Amino acid sequence: MANINATPGESHLAHHFVDSEQQFDSSKLGMWIFLVTEVLFFGGLFVAYIVYRSWNPELFYMSAKELSTIMGAINTVVLIGSSLTIALAVRAAQLNQQANISRYLIATILLACVFLVIKYFEYTSKFAVGILPGELYTYTGIDHPGAPIFFSIYYMMTGLHGIHVIIGIGLMVYLLVKTRQGSYNAAYFTPVEITALYWHLVDLIWIFLFPLLYLIE
Amino acid sequence: MSSHEHHVIDLKYLLGAAAGLIILTILTVGASYVEIPRPFDLLTAMALAFGKATLVAAVFMGLIWDKKINTMALLFSLLFFFLMIGITLLDTLFRDRPFWIYN
């Protein structure tokens, strides 16, 4: 049965929703529930970090010295910048500024790529001296019987975070293609909104990873 | 149309939040160079990180203007995260010796 409340330009409205507003709120709550599972997903790794740090405080102190505070700090600023640009992309969609949605999405994608390039240089400089996860660890610069523990946790946490960045880039490329097709406007921008929520969570996780991995005194 | 009810976040809030996040990042890095006795160094870093996280969630994710149920979802995830930490530490902090993966 046709929705009697349907108005022109609401072709995105699925029949089981009363109106656009209810559909938008449902999508958004659904995304938040997904973000809850993401918090708990990363939460397991944070628990591993806490347990092993409580057992080996000196090891974590010695190991964190190997990481470049400058690179970590730059990446923090890069991700904050990308959070701002994706929030501006949502705003552009709400204000029907088609060209600006594309511009801010491209800016966000570029910043995400900068993050990954910096991460690439960090990883390869560690690989070069034998700092690898688990049994592959051959570095001798840290005098501690549990030397590989910190970096195994480091690679798991930053690796999982990096995978999230790559997925985020994929989502934003998809949004960019759809934006170019004119799919998003003030009446319908749900995919932009929920992708932005996902991207902000990626930023949130890094906000905690940076001091916990790079800045241990 | 109902979609006009969507809150468009004012530019000054978005830029203000970004500026606040940069300032807190500088403070976080700065604090790591200051000699703060344990465990207050970690507590300082975490307080600053939670401050940053609050800015991102409240402004960038728009929770201030959003339906309260979304904020509830986030807070409940944190509640269960802290439960996971607490219950795990009740075991691991009181063992005779750590469980060694490597030796």
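A:Pro191 lies in helix α6 (residues 190–214) of chain A. Helices here are DSSP runs of H or I of at least four residues, strands are runs of E of at least two, and both are numbered from the N terminus. The model is predicted, so local features need pLDDT of at least 70 and side-chain atom pairs count only at pLDDT 80 or more, while totals for chains, interfaces and linings use all residues. Residues are numbered from 1 along each chain as its sequence is written, and chains are lettered from A and ligands numbered from 1 in the order in which they are written.

A:Pro191 is partly exposed, with 18 other C-beta atoms within 10 Å. A residue is buried if 20 or more other C-beta atoms, placed from the backbone, lie within 10 Å of its own, exposed if 12 or fewer, and partly exposed in between. A:Pro191 is 17 residues from A:Tyr174 in sequence, and their C-alpha atoms are 9.8 Å apart.

Chain A has six helices and zero strands. Its C-alpha trace spans about 70 × 30 × 25 Å along its principal axes. Of its 217 residues, 40% count as buried. Contacts in chain A between residues at least 6 apart in sequence were also examined: 74% of them join residues at least 24 apart. Two residues are in contact if their C-beta atoms, placed from the backbone, lie within 7 Å.

Within chain A, helix α4 (residues 98–128) packs on helix α5 (residues 148–180) at an angle of about 155 degrees, with axes 10 Å apart. Axes are lines fitted to C-alpha atoms, for helices over the stretch in contact, and angles run from 0 to 180 degrees between N-to-C directions. The angle makes α4(A) roughly antiparallel to α5(A). Angles under 35 degrees count as roughly parallel, over 145 as roughly antiparallel, 65 to 115 as roughly perpendicular and the rest as oblique. The residues of this contact divide into 14 nonpolar, six polar and two charged. Ala, Val, Leu, Ile, Met, Phe, Trp, Tyr, Cys and Pro count as nonpolar, Asp, Glu, Lys and Arg as charged, and the others, Gly among them, as polar. The residues that meet include A:Leu105, A:Ile109 and A:Leu116 from α4(A), and A:Val165, A:Ile169 and A:Met172 from α5(A).

Between the chains, 45 residues of chain A are in contact with 44 residues of chain B. On the chain A side, α1 (20–55), α3 (69–94), α5 and α6 each supply at least two residues. The largest share, 16 residues, comes from α1(A). By class, this side has 28 nonpolar, 10 polar and seven charged residues.

Helix α6(A) packs against helix α2 (residues 40–60) of chain B at about 170 degrees, with axes 9 Å apart. The two helices are therefore roughly antiparallel to each other. A:Leu204, A:Ile207 and A:Phe208 are among the α6(A) residues at this contact, and B:Ala49, B:Val56 and B:Phe60 are among those of α2(B). The contact holds nine nonpolar residues, one polar and two charged.

B:Phe60 also features in a contact inside chain B. There, B:Ala17 sits in helix α1 (residues 11–33). B:Ala17 is buried, with 22 other C-beta atoms within 10 Å. Leaving aside neighbours within four places in sequence, B:Ala17 is in contact with B:Leu55, B:Val59 and B:Phe60. B:Ala17 and B:Phe60 are 43 residues apart along the chain, yet their C-alpha atoms are separated by 7.6 Å.
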